[in-house]
Amino acid sequence: MPLAHLYKRVSAHVTPAEWPLIVRDVEAIEALKRQRNAVVLGHNYQAPEIFNTVADIVGDSLALAREAVTVDADVIVMAGVHFMAETAKLLNPSKTVLMPDMEAGCSLAESITAEDVRLMRARYPGVPVVTYVNTSAAVKAESDYCCTSGNAVKVVRAVAKEWGVNRILMLPDEYLAQNVQKEVPELELIAWKGHCEVHERFTPTDIRDLRESHPGVVVLAHPECPPEVVEAADFAGSTAAMADYVGDHKPARVVLITECSMADNVAVSHPEVEFVRPCNLCPHMRRITLPNIRRALETMTHQVEIDPLVADRARLAVERMLAIR
Ligand code: 13P
Ligand code: SF4
């Protein structure tokens, strides 16, 4: 079987009959990567046949942003959603950043505009603005700092200290803000009404049912879930933090309350762990496929461009976040 070492990683999801088609795309993408001096960044939610084959660097949004700074390539292909490609472009203005499908958006990024942020600033003068990385560059440009689910607590603490304030506008994910608020009772986080269309669907009843039907299951939840869901879980963290939890604790049985391709990808490295798999898919992440990654590299489209005036201000918010360790 061609590329048998890769097939082993995806065999739970790809039949031997489907594999030759996938191999054709994988081999073409590898050749194009060499020809273009390109790398593929893959988010943890990418489909197993992308995550385990052509993705050179995988991780959560924070890791992908950090890697985007150090990557040694002329071309970056984002196997993720549009805001991730914009973040990569902000940090690499001279590189070509390709999005295999420009329609791969995010309900959180859609929930707020630059004008909304300006209105919030006018309503809360002097209050610093921390925006989730799941936003457009235009929204980032109106912000003081960015954060991700992996560093949100650290960022709001650092901002409060640096600015000498105890109120922070934390936009646009209402649930992330409420979950972070529990960790920083000394601060007042003012939220927006944005929600992730994938994580908002989980309920505390889902968690109770999962615990009843799968005794002993360890429940890990993403902080984009409603606070009642996070409270019902055993641990909450970014996609990378959940993957690390599985690696560090090796629970006999686990459920990841998040986008469901994540469990497929983490399970590959932990065959001894039983993954219970409720399935909520992110329709935006699913828009990325091997054929459109291949087409992106063949045609050098779609190139992500950001108005330089917006980019300079947005970059500052991302760089301030990256400087917080
Ligand atoms: P992470 O930063 O945890 O990878 O999350 C990104 C995301 O879009 C979750 O829905
Ligand atoms: Fe956006 Fe939710 Fe999809 Fe993540 S899972 S990219 S937050 S819509």
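Ligand 1 sits in the largest cavity of this predicted model. "Sits in" means that more than half of its atoms lie within 2 Å of the cavity's grid points. A cavity here is a set of points, on a 1 Å grid over the protein atoms alone, where a 1.4 Å probe fits but cannot get out, and lining residues have an atom within 4 Å of a point.

**Who surrounds the ligand**
- The shell (residues with a heavy atom within 4 Å) is made up of His43, Tyr45, Asp60, Ser61, Asn134, Ser149, His199, His222, Glu224, Ser238 and Thr239.
- By class, that's one nonpolar, eight polar and two charged residues, with Tyr counted as nonpolar and Asp and Glu as charged.
- Domain 1 (4-104 + 285-299) and domain 3 (199-276) each supply at least three shell residues; the bounds come from an automatic or database domain assignment.

**Polar contacts and burial**
- With polar contacts taken as N or O pairs within 3.5 Å, a side-chain atom of His43 comes to 2.7 Å from a ligand 1 oxygen.
- For Tyr45 the distance to a ligand oxygen is 3.4 Å, and for the Asn134 side chain 3.3 Å.
- On its own ligand 1 exposes 300 Å², and the protein buries 96% of that (Shrake-Rupley method, 1.4 Å probe).

**The cysteine trio**
- An unreviewed UniProt entry puts "binding site" at Cys106, Cys196 and Cys282; such annotations may be inferred rather than shown by experiment.
- They span 177 residues in sequence, but no two C-alpha atoms are more than 9.3 Å apart, so they gather at one spot.
- Cys106, Cys196 and Cys282 are included in the lining of the largest cavity.

**Ground rules**
- Residues are numbered from 1 along each chain as its sequence is written, chains are lettered from A and ligands numbered from 1 in the order written.
- Local features need pLDDT of at least 70 and side-chain atom pairs 80 or more, while totals for chains, interfaces and linings use all residues; side-chain values use heavy atoms, without hydrogens and water.

Methods:
Polar contact = N/O pair within 3.5 Å; in protein donor to acceptor, adjacent residues only side chain to side chain. 1 Å grid on protein atoms, 1.4 Å probe; cavity = no way out; pocket = protein on both sides within 12 Å on 5 of 7 lines; lining within 4 Å.
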